[in-house]
2 protein chains.
Amino acid sequence: MERKDQYRIAVLGATGAVGRKMIETLERRNFPVESLKLLASERSAGETISFAGQSIEVEVAAPDSFEGIDIALFSAGATASQVFAPEAVKRGAVVVDNSSAYRMDKSVPLVVPEVNAHAVDLHQGIIANPNCSTIQLMVALNALKEFGLQHVVISTYQAVSGMGQKAVDALRSEVEEWRQSGSITPTVFPLASQDAHYPMAFNVLPQCDVFLDNGYTKEEMKLVNESRKILEMPELKVSPTAVRVPVLYGHSESVAVRFEQPVSPAQARAKFEQAANLVVVDDPSQAQYPHPLMAEDTGETYVGRIRQDLADPNTLLFFVVADNLLKGAAWNAVQIAETLIQRA
Amino acid sequence: MERKDQYRIAVLGATGAVGRKMIETLERRNFPVESLKLLASERSAGETISFAGQSIEVEVAAPDSFEGIDIALFSAGATASQVFAPEAVKRGAVVVDNSSAYRMDKSVPLVVPEVNAHAVDLHQGIIANPNCSTIQLMVALNALKEFGLQHVVISTYQAVSGMGQKAVDALRSEVEEWRQSGSITPTVFPLASQDAHYPMAFNVLPQCDVFLDNGYTKEEMKLVNESRKILEMPELKVSPTAVRVPVLYGHSESVAVRFEQPVSPAQARAKFEQAANLVVVDDPSQAQYPHPLMAEDTGETYVGRIRQDLADPNTLLFFVVADNLLKGAAWNAVQIAETLIQRA
């Protein structure tokens, strides 16, 4: 990428939950924006979204939309990415893609800037943004990498906004329906696209995304495969359980990590405290620990409940929380763009 | 205990969330009740509760209340149990105690009837009902005991009703406040008795009960210590993380168990299907798995998401759900009473 003072930016999926956060984050970060083009499907085109005091109309995405674009932030789903990313790259743009389309592609870097910023240099036009639940886990695990990560057992507590704005609206509607009638007619959770639906309000669903043949969900396998790629540890053992909870914003993760050597909570805390954008909130005597409402609207990852396994000095348990739309999506994507221009 | 056709029953803590469920369960099970005495603190005395077509007035508990009682079901907290259990036993009653007061007492059996009914025979007047999150875990783990349990990593998703009726009311109030003002003034969660409070609605709190000096909560240590006692495996390794979620009724548990030998999901499923009061709900292709709303108002424990660890054939992952007020408390206590009279 050519070094410039300002960049011509496009956001694909501008009206979605993550797209809107990308636009807000570009503004909040004072990203050097020469021009901002907002793109979406026909359904959402025509809406206007404000950016830095201007009102920008959302256009229908087409291959030509990417003419003259330097950096395109994509958050419109894997299919849209597969259609438009090659078109954008052909026209000279670098695509930062928040979908799963290219994450496991060997020629595409998968980047959490605090962990593997160097991988940005290897891009061939597309840089993939990892899955939300993976990103926050990476920020925490990377801080402990030198102790020798062996096995990660993780159970997640994932917010509905990970399924998009419609799921946020659906949880609110379920709460209204429950107030009025005492019951809920489920239509959206755990997945709008499948036949079986369950209430999400006042419930917990051990299904995020579709099931694969091995009995794990796609979300769970993302935690395994993306972690291995980002940490450059192809043999890392990861045992994932991904669970949706009635939270609007912010994913939580209960993590147990076995290391090659004994690691004390104090050693881990020291490493966590040195890590960029990782906040240690860990004082049980004052009931201080991470929780999703604390993380909402922030770009940091929070870690707490740091303690040694009762049975194994080589294993630590901790709890990790981040805003899934920001560090888990929009902010990490903008961070990748920042890394790209810093290293240009 | 002398075998009789009908028994004189007392319920201490009759107006609480669990006490009410005990009374309902005695009725639903057609427990052979000769007489039912309902006891509570002064604050709740005078209320009437219906049982089998009668309206029974709640009396203030006193030592003499237990004169002539055969079986006393206690659910009024550890302090009340410590005061009244010796008085009840002195007067010839057998106490089934739902509090934590006597659970780890070596002379007190700690019983999940599907697991260790035989332990009832050893009672010296008091039989302890385990903690809610332990009970459902025991029903599932016991089914797999013959494979050689080595290490259990568990993360919980616990309903607010585990903190009593006040917490149920508080979650409802928080939802109302959030609807009206968009914010929540927290006063009850994670514990009414501590200074630091956080919203529970649309949030997740990695604290159930108070913290101990080792960095674990009391709830987490109950999972460790009670499991060892009930399974009669004093060396069992348990790595617990207990988390409160905005669910009214029903605890969920994400469990990873390492065995002494490889165990296939099919082997585990076969054992689960043979276990009493354990329902296998496990068809990912049809999105069938346990969730709290499924378990509400039932006495069964539900298990699903049964799968082998990706890295270790000796480890299985699964998800366990039960109604924390019923199998986790009232129903297990009545089951203990049923076991007691069956074995008399």
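User: How many salt bridges are counted between domain 1 of chain A and domain 2 of chain A?
Analyst: This is a predicted model: local features need pLDDT of at least 70, side-chain atom pairs count only at pLDDT 80 or more, and totals for chains, interfaces and linings use all residues. Residues are numbered from 1 along each chain as its sequence is written, chains are lettered from A and ligands numbered from 1 in the order in which they are written, and side-chain values use heavy atoms, leaving out hydrogens and water. A salt bridge is a side-chain nitrogen of Lys or Arg within 4 Å of a carboxyl oxygen of Asp or Glu. Between these domains the count is two.

User: How far apart are the C-alpha centres of domain 1 of chain A and domain 2 of chain A?
Analyst: Domain bounds come from an automatic or database domain assignment. Domain 1 of chain A covers 7-130 + 329-342, and domain 2 covers 135-324. Their C-alpha centres are separated by 25 Å.

User: Which residues of domain 1 of chain A lose the most area to domain 2 of chain A?
Analyst: Contact (heavy atoms within 4.5 Å) involves 21 residues of domain 1 of chain A and 18 residues of domain 2 of chain A. The two bury about 1,600 Å² between them, 58% of it on carbon and sulfur atoms; buried area is the accessible area (1.4 Å probe) that two parts lose on being put together, summed over both. Three residues of domain 1 of chain A lose the most, together 29% of what that side buries: Met104(A), Glu114(A) and Val115(A).

User: Which element gives the most residues to the side of domain 1 of chain A that touches domain 2 of chain A?
Analyst: Helices (H or I, at least four residues) and strands (E, at least two) are DSSP runs, numbered from the N terminus. On that side of domain 1 of chain A, α1 (17-28), α3 and α9 each give two or more residues. With four residues, the one that gives the most is α9(A).

User: Which residue forms a salt bridge with Lys327(A)?
Analyst: The closest N and O atoms of this pair are 2.8 Å apart. Lys327(A) is in helix α9 (residues 326-342), and its partner, 213 residues away, is in helix α3 (residues 113-116). Lys327(A) counts as buried because its relative accessibility is 1%, where buried means under 20% relative accessible area, exposed over 50%, and partly exposed in between (1.4 Å probe, protein chains only). The partner is Glu114(A).

User: Which residue of chain A forms a salt bridge with Arg307(B)?
Analyst: Their closest N and O atoms are 3.7 Å apart. Arg307(B) lies in strand β13 (residues 301-308) of chain B and the partner in helix α6 (residues 218-231) of chain A, so the pair joins two chains. Both residues are buried. The partner is Glu220(A).

User: What is the relative accessibility of Glu226(B), the partner of Arg103(B)?
Analyst: The closest N and O atoms of this salt bridge are 3.1 Å apart. Arg103(B) is in the loop between β7 (94-97) and α3 (113-116), 123 residues from Glu226(B) in helix α6 (residues 218-231). Arg103(B) is buried, with a relative accessible area of 4%. Glu226(B) also counts as buried, at 2%.

User: Which residues touch the most other members of the largest nonpolar core?
Analyst: A nonpolar core is a set of buried Ala, Val, Leu, Ile, Met, Phe, Trp, Tyr and Cys residues joined through side-chain atoms within 4.5 Å. The largest has 116 residues. Touching the most other members are Leu36(A), Ile71(A), Leu36(B) and Ile71(B).
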